[in-house]
Structure formats: structure tokens, C-alpha cells
Amino acid sequence: MSSAPLLPTVSNFIRTIIDNDLAAGLHKNIITRFPPEPNGYLHVGHAKSICLNFGLAQDYQGKCNLRFDDTNPEKESEEYALSIQEDVRWLGFQWEGNVHWASDYFDDLYRFAVELIDKELAYVDDLTSEEMREYRGTLTLPGKNSPYRDRSVAENLDLFARMKAGEFADGARVLRAKIDMASPNINLRDPAIYRIRRAHHIRTGDKWCIYPMYDYTHCISDALEGITHSICTLEFEDHRPLYDWVLDNLSIACHPRQYEFSRLELHYTITSKRKLLQLVNNKLVSGWDDPRMPTIQGMRRRGYTPAGIREFSKRIGVSKSGNSVDMAVMEGAIREDLEAIAPRVVAVINPLKVTITNYEGALTREADFHPNHPEFGRRMVAFGPELFIEADDFSELPPAGWKRLTLGGEVRLRHSYVMRCDEAIKDVDGHVIELRCSIDHATLGKNPEGRKVKGVIHFLSCAHALPAEIRLYDRLFTVAEPDADREVDFCSYLNPDSFTIVWGWVEAAVQDSTPETAYQFERLGYFCTDRRDHQPGLNLVFNRTVTLKDSWTKS
RNA sequence: UGGGGAGUCGCCAAGUGGUAAGGCAACGGGUUUUGAUCCCGUCAUUCGUAGGUUCGAUCCCUACCUCCUCAGCCA
């Protein structure tokens, strides 16, 4: 491995807390956890959380658990759980020991609920959900006590046991924590902690017909696993008093502390599970792994690398302030990784035919796969009497500063000769359809004498080029914050040009590459062979991961 | 109009009583057979606003402004 200098990690408020806790001897080692609900695919926001939780464990030589918050059987599936594990591993992390499941604690959770009832801190409520909503009050008005709030311990114990035994219909009763119906924090107005739901659970099957709620489950799960720092996003900030209330009132020695950070917003995309699902269901994208999707599966198929995503996560930092990160941060991080690992090859995606009028005696030449990594090896760069060049690299009426090919002008063919364009052949509409050019035979591997050639363009020998399907991806939305305006449907901002298929040509060196191989197509960008559709030697399919930085076209 | 949070360069983000780190972007310049990479340089007299305390404030105090978030038997 490379011996990159260990850059000092940027401080953030969570690291400060951990440093203080460790210094104070509160913990010997830290234990974090990544707690997804298996009800959807992971996206870039989860990637941030994964990098944070697993990264912290790594940096502090602690541990990080993977725990599925599987308390809502109606929405959860094995498919999602499997995909999530794959994503975490793909990102380069390994959880401590076995995968944990909140459902592993269902027996404990039930036992603790009984303890709460015994302490007169929980009661069975017969109110319907509508009635409960009315009793709850509003943001500015206090709630009022349920008429069932003062049932005896014995009655509650009996009712709760019968809830578990399946004596009541779904939704008929609920177990509630007895806290304070007048609390200004609505989460503390006797929150439901158990509901009756006859649904098949992915892990426990039909064993249970009552399921614990998130607020009640999460803190106990954390405590049971000995989590030291329970890190979640800002919307759970108001839930922290409940998290603490539950643990303070139960006979569990461990009391993890919850800390909240702001969730990621990325320009030109969305990070809402619900909206992502909407794109998939309405077939506005090809699926969860559509390369335009900000899902981990989508980014992976696009060609984003684990190291690139980890670097992105490091660059954006962690804080509590609202943020919307520039896509350039992601692209910069991805490019940095790809720059180091991707072999350089040539592809022409918008071909213009060139006939070399003085081809006789022309030679081929070897070229490195990477200008800074000779260990990547070399390959022959085929040459021939007919070439493809990029149509964009020729201009009859070049703008100021143009360094590429023009009528009568010279340009360096990458890894080959200096070539002059002598004639442009046009069709009846006046479009250039072919160029007739001549090469300077004295310029293979050396500069021409008496003149300078500024421009370098890439090319492919027609006889040696392989046809390939090339999928060009661009930002999914036309505006930086597509869901900023509640009045406007975010779908109306979908970018119609976010996906273009093009049939181009690639050099033979890529012929046998396996799916998910990254390349730099020189002067065009980073591409990777498609994970699903690319077939080595048979059907070459490339996805554009990200373009190269370009200081020409933008000016 | 209740509760809980947040406001430091275009975008992120450190700093939290001693005179504004870093990254991304941008902009100059150098190297270059990728207009890439790489290198070098520039880029906040100022920290939401207004007062106050202090020798000294982004940091402490007061008031105000703006934004986010909470009324699922979802997580």
C-alpha cells in the first residue's frame, strides 16, 4: 500500500466529545453502531453515517455494530437487509461480530415493558389512534390525560399479557409510557411504545403480534450492546429526552449517550428515501441502481469508488448546521481516487472519420497505461490509414484560444504523429463528414522542427477499434435543490439530458475487462464497465462516471 | 404565537476571550504528447443584526432577525 502521510483528522464536535469522554475515563473504548431499518436501499446520506460511525470506531480503535432496526414488519424485507450489508462491506467496512437485529431483543424489550408497568410508568390505552391524536394536543396546546391512564398495575399487566397473547385486534390497544401529557416536547406526551400488528416479521415470523416502537427499542438496543456513543441525525434531537427517560427508568446499567448531526443534502440530487422510491416506482429511473441515483448501489454502478466516497465523507465533515454540499466536492473526491487507479485508454464517442493521405510507412508505438504509474504496463497504440477522431476536436471556424484541429492546422495525435488537416469533406448540407489529413513522419516520439504544435487530440485506428455502448450520465436534476420548494413537485426539475446512450469506439485493450473496471478515456473522463450489462469480449458497455476537469469548455 | 436546534468566504468546515485552520470551487503562473494530473501563488480587517461587558469578543451578556425541526399505533 501507499504510505500517504497521515493527515490530521479534522476536528468535529463528536470527536471532541469522544476525546473528552476518553480523557475523563468514562470509557476505555468506544462502541458505535450503524442502525438502518431494512426498508429501502441506502443512499449517499447513509454513506456519510456509515463512514462516520465505522470511521470513528476505526480511528479510536473501538468497535462498530451493524444493527437492523427491524421493528416495523410491514415495511421491512430480507432483500433490503441483504443489500444494506453488501453496501456496508462494499464501502470498505466490517461490523463487529455478527449482524445485530433489534428483533434479537424482543424478549428483553417485553420484559422491560413489564418492568415499566410495574413501576407505574407504562399503561395500556384503549383510545383509538384518532382519539389519541386529539388527546395529544398541539404544538402550542398541552394534551390531556387518557381516561385509561390510571389503570392499576395488575390490570395493565393482564392487558399487556393479553395483547401479547393475541386476544385483541390490531390497533385495538397500545402500551404507552406514562410521562407527561402537558410536556412542551410532544415526544414526551405519553408516547406509544408497543402496538398490536399481526404482520409476518422477516426474522421472528409470526411469533409476535405486538411490536415495540422505535423510541423505546433503539435506546434499549444501544444499551444492551454497550454502545457508548449513539450517533443519529438532527430530527431525533427532540427524542433524546425520551431516549434518556427510558434508560433512566429501567434496570439497565448501561446508558449510551445520543448525539445528533445534520443530515447530508447534495446539490442536484435528493436524499429522501420516499422521493427516491417515487422515482423508482414511477419509472423515472431504471431502478434503485440507476447510475444517476444517489443510492450506494447507483453510485457503485456509476463507477464511484468506495475510497472516493469515503474521501467525500471526510471532506464534508460533520456538524449540526444546515448544509447543502456542492456536487463538485463529490466529483473532486471521486476524481482523486480514479486519477490514481484508472488506466488510461482511448475511446471516441462522437466519431469523425479521418483519412491519412500519406499513411505509407507509418509505425505504431507503445504507450503507458498511466503517465505516472509505469507499473500499470503498456500497450500498442494501433495506427492506420483511416482514423476516428472526436468530432468536437475539429473546427472550421475555431474560437480564440482553440488548440485543436482546424483546416490547415496541425495537431499532435496522442501517442503518435503530428497531423495536418488538408481538406474537409462535407455532405450536401454542409456538414463535415470526413477529413483528409497528412502526418509528419518525422514526429513519432519527437517534436517537429522549427514549429510548435500546441494541441493534442486522441484517435483510434478504424481497423482496430471496437464498437461499444457508452452511457453518458449527467446530474439528475436541473436545479441545485430540487426539493427546496414545497409547492413545486421535485420531479418537474428532472434533467431530461441526465442520460444519453451513444455508440462509440474503444481501443482493443479494454476488450476483456470484467464488469466494474474503471478506466480513464483520455480527454473525456472516467468510465467503468457496467456492472450488469457489460460482457467481456462480447458486449462492451461503459458508464461515464465523471468527466475530467475541463478548464477549456467552461471559459 | 409551545419545545428543540442552527447561523464563520460561492459550497462545506475548524476555532470558542488574545487578534479568522483546512478542503472544494474560483482566479493567476509553471511543467505536460490528456485544455487532465502535478507544482506554485491569490482568495474573510471579518464570524446573522444591534447593543453591552472587557485592555481585547466569532467566542461572554442582552435584544432582535433568518432558517431547520416536532403534533405516526413510521424510523
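First, the ground rules. Residues are numbered from 1 along each chain as its sequence is written, and chains are lettered from A and ligands numbered from 1 in the order in which they are written. In this predicted model, local features need pLDDT of at least 70, side-chain atom pairs count only at pLDDT 80 or more, and totals for chains, interfaces and linings use all residues, while side-chain values use heavy atoms, with hydrogens and water left out.

Let's start with the cavity. A cavity here is a set of points on a 1 Å grid over the protein atoms alone, where a 1.4 Å probe fits but cannot get out. Points are joined across faces, edges and corners, and the volume is the space filled by probe spheres set on them. How many cavities of 30 Å³ or more does the search find? One, across the whole structure. The largest cavity holds about 40 Å³.

Now its lining, meaning residues with an atom within 4 Å of a point. The residues are Tyr214, Asp215, His218, Phe236, His239, Leu242, Tyr243 and Gln258. Helices are DSSP runs of H or I, at least four residues; strands are runs of E, at least two; both are numbered from the N terminus. Helix H7 (214-224) and helix H8 (240-248) each supply at least two lining residues. H7 gives the most, with three.

Next, the strands. Two strands pair if DSSP finds at least two bridges between them. Strand S18 (residues 432-440) pairs with strand S12 (residues 351-356) in the parallel sense, over four bridges. There, valine 354 stands opposite leucine 435 of S18. Strand S17 (residues 418-426) runs antiparallel to S18, joined by eight bridges. Valine 418 has aspartate 440 in S18 as its bridge partner. S17 and S18 make a hairpin, with five residues between them. In that turn, glycine 430 has a positive phi of about 90°.

Last, two single residues. Phenylalanine 261 lies in strand S9 (residues 257-261). Is phenylalanine 261 buried or exposed? Buried, at 2% relative accessibility. The cut-off for buried is under 20% relative accessible area, with a 1.4 Å probe and protein chains only.

Glutamate 469 sits in strand S21 (residues 466-473). Glutamate 469 is buried too, with a relative accessible area of 14%. Its contacts, heavy atoms within 4.5 Å, include Trp503 and Phe542.

Technical notes. On a 1 Å grid over the protein atoms alone, a cavity is a set of points where a 1.4 Å probe fits but cannot get out, and a pocket is an open set with protein on both sides within 12 Å along at least five of seven lines; lining residues have an atom within 4 Å of a point. Buried means under 20% relative accessible area, exposed over 50%, partly exposed in between (1.4 Å probe, protein chains only). Lists of a residue's contacts leave out its neighbours within four places in sequence.
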